[in-house]
Amino acid sequence: MGGGERNSIGALVSTVNAGETSTPAAATAAGVVKEEVAAEKEEEVDKDMLCPICMQIIKDAFLTACGHSFCYMCIVTHLQNKSDCPCCSHYLTTNHLYPNFLLNKLLMKRSARQMAKSGTPVEQLRQAIQQGCEVSVKELDSLLSLLLEKKRKMEQEEAETNLQILLEFLQCLRKQKVEELNEIQNDLQYIKEDINAVEKRRIELYRARGRYSAKMRMLVDDSSAMTARPSSRDKGSGAIVSSSVNSQEQRRAGTSQTRNTDARAPANSQLVQWKDDNHGGSDSQDPNQPGKSIARKRRVHAQFNELQDCYLQKRRYWARQSQKQGEPIANVMNREGYSAGLEDFQSVLSTFTRYSRLRVVAELRQPDLFHSANVVSSIEFDRDDELFATAGVSRRIKVFEFSSVVNEPAEAQCPVVEMSTRSKLSCLSWNKYTKNHLASSDYEGIVTVWDVTTRQSVMEYEEHEKRAWSVDFCRTEPSMLVSGSDDCKVKVWCTKQEASVLTIDMKANICSVKYNPGSSAHVAVGSADNHIHYYDLRNISQPLHIFSGHRKAVSYVNFLSNHELGSASTDSTLRLWDVKENVPLRTFKGHTNEKNFVGLTVNSEYLACGSETNEVFVYHKAISKPAAWHRFVSEDQNDPDGDMGSFFISAVCWKRDSPTILTANSQGTIKALVLAA
C-alpha cells in the first residue's frame, strides 16, 4: 500500500512536470519566479555589501581588527572624532585598518555583472573588448561598417537639427528687425509730417510778419512824407518839427535797445525799431533773446535722448488711440496745423526748456529759542495761496503771509498766526473750501482740525495708537479727511462726527495718504511695504490696485491730476503712475533719499522733492532727469557747517499754477524759489 502511494505520488509529480514543460505560459511563470528569487538573494547580498556608516555600496573596502568592513573614507572620518568601531564599539584606531582585497574583488565582479545586465550596448561592447573577447576580423569589419553608418546618420541628424535651430533663430531675428524697421518707418513718417507742419507754420508766421512789416512801412512812409512836406504856414517851424521828430525817434530807438522785449510795447516804438532795422541799426528784438534761445537749445541737446523718447512715446500713443477708436485722431490738426501728438510734445518741450535753474526770491529764518531742533516736517499753502503754514518738531504751527515774506525785509518777517501743540508735528493739510481750517497729524497719533482765525482746535481725533505720519483734506467733500499711522491703519474722518467713519487695516506702517483730487471715494496709500495701495472707499475689502516698483518704503504720494499719481521712496527715486490704466509711466532719479522724509510736491507739469544733500530737485513729468535744482548754502561765514552737509531738505510745496515753490530744511530755514531760465 505504501508502494502504491509512492507510485501515485510519483506519477502525479511527473504529470505536473510534463505539463510545465509542455505549456509556454507555465515556463514563463517559472522563469519569473526564479528571477524574483535571484533578485531577493541579490538584495540580501547587497545589504551585506553596504557600508554601516554611509549605507551605500562599499567603496575601497577596509577591514578593522574586529572584523567589520567600511568605506575607507567613512571609517577614517569617523576615527577622527571617535576611537571605536561604529558596529561593536571596540577600541579602534587607524593603525587597526587593513585593505579588504577579497571584498574589493567581489565588488568589482558585482559591478561588472550589473554593467552586463543594465548597461547600454555600447558599454557592454566596450567591456567585452576590454576583457579580451575573441572576435574575428570579418566580424570586426562588419561591426565597424555598422558603426560608421550609424555615425554618418547621427552626424546628418545633428547637422539638420543645427540648421533648423539656426533657421528659426534667423527667422525670429528677421521678424524682430522687420517690426523695428516698420516702427522706425512709422516714426520717420511722423517726423516727416511734423517737420512739414512746423515749416508750414513758420512760413505762415513769416508771411504774417511780412504783412505786418508792410503796414508798418506804409505808416512810416506816410509819417516821413508829412514831415518832409510841411505846410507853408509851418515852413518856418519845419526844421524844428523835423528835428523834434528825429530826436524823439532816436531817443525811442535808444530806449528800445536797452529795454527787454515787451509784447505790449507801444506802436510808435515798433515803428522806430523797424526803421532802425532797415537802416542797419541794432536788432529790434531783446538783445538777450539770442542768448536765451541758445541756452534752450543747449538744454535740448543735453536731454536729447529723453526728449526723443518722450516725442516718440506721445506720437505712438496718439496713433494707437486713433486705431482703437477707428478715427484718425493722430491726424486731427489744431489751429496751428499740428497733430495731437506733436501738440502734446510741443507743450512738453516748451515747458521743459523754459527753465534751467531755481532762483531764490525770499528766505525766512525762524530760530526757536525754546527748541534746538527746527526740522520743518510740513509746509503747505492755503486755499488761495495767500498764506502758508509750517510745522515740525518744534511743536508749533506757524502761519505766514506769502506776499509779506517775499516783499518785506527778512528781519520784519513774523508769523501772522502761531499755535502750540502737545507733540511734534508730522503733516499739515489746509481745507480746500473753508479757508481758515487746517488739519495736522502728530507723533502721538492725534489728528487735529484747527481754526486759524481763533487759534483753537475744532476737532481732535485720538483713535490712532501710534505716530500719525500723514493727513489730507478731501477736495470734493470738504468735511472729509483721511490719515495714516504707524499702527498700520488708514482712518477716514468727518468734521461733523467725533469718531472715524471708516478704518482700513493694513499689514505695514502707513507713511502717506492722499485723496484723489477728482473723487471723494478714492485714496492712495504709501506704505512701508514698498507698495502704493489705491483704494475705493466704497469697497475696502481689497485695493483697486497695488503699484509695485519701489525697492524701499513709499514715503509720499501726491496727485498731479485725476489719473496721474506721483510717489517718493527712500530708494532715492520718484515714480509716476497712471491710476486709471494701472500702469507705471516714468521713474525719476537724481536726488538722494535713503532714510529721511524729504518731501514731495507736484503740479500739473512738475514734481519736486528734497534731497539728503540739502538740495531741492525739480523734475518735469515727461523727463526722467532733473530739470533744475538748488542747494541750500549757509550765509554765515562763521558757521562750521557752512556747506550744510549735515542737513537735508525736509518739506516742499508748489504755489498753485505758478513756478514758485516753498522749501524748508532740517535747520529750519525756509526759502521761496522760482523757476528761472
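This is a predicted model: local features need pLDDT of at least 70, side-chain atom pairs count only at pLDDT 80 or more; totals for chains, interfaces and linings use all residues.
Now for the rings. There are 17 aromatic pairs in the structure. Take phenylalanine 388 and phenylalanine 402: their ring centres sit 6.5 Å apart with the planes at 75°, so this pair counts as edge-to-face. Phenylalanine 388 belongs to strand S6 (residues 387-392) and phenylalanine 402 to helix H12 (residues 402-407), so the pair ties together parts 14 residues apart in sequence. Phenylalanine 388 is buried, at a relative accessible area of 0%, and phenylalanine 402 is buried too, at 12%.

Next, look at phenylalanine 547 and tryptophan 577, whose ring centres are 5.3 Å apart with planes at 50°, so the pair is tilted. Here the partners come from two strands, phenylalanine 547 from S20 (residues 545-548) and tryptophan 577 from S23 (residues 573-578), so parts 30 residues apart in sequence are tied together. Both phenylalanine 547 and tryptophan 577 are buried.

Back to phenylalanine 388 and phenylalanine 402 for a moment: ring pairs link them with Phe381 and Phe400 into a cluster.

Arginine 467 lies over the face of tyrosine 443, 5.0 Å from the ring centre. Over at phenylalanine 632, the charged end of lysine 671 sits above the ring, 4.5 Å from its centre.

Conventions: Residues are numbered from 1 along each chain as its sequence is written. Side-chain values use heavy atoms; hydrogens and water are left out. Rings of Phe, Tyr and Trp (its six-membered ring) pair if their centres lie within 6.5 Å; planes under 30 degrees apart count as stacked, over 60 as edge-to-face and the rest as tilted. Helices (H or I, at least four residues) and strands (E, at least two) are DSSP runs, numbered from the N terminus. Buried means under 20% relative accessible area, exposed over 50%, partly exposed in between (1.4 Å probe, protein chains only). A charge sits over a ring if NZ of Lys or CZ of Arg is within 6 Å of the ring centre and within 35 degrees of the ring normal.
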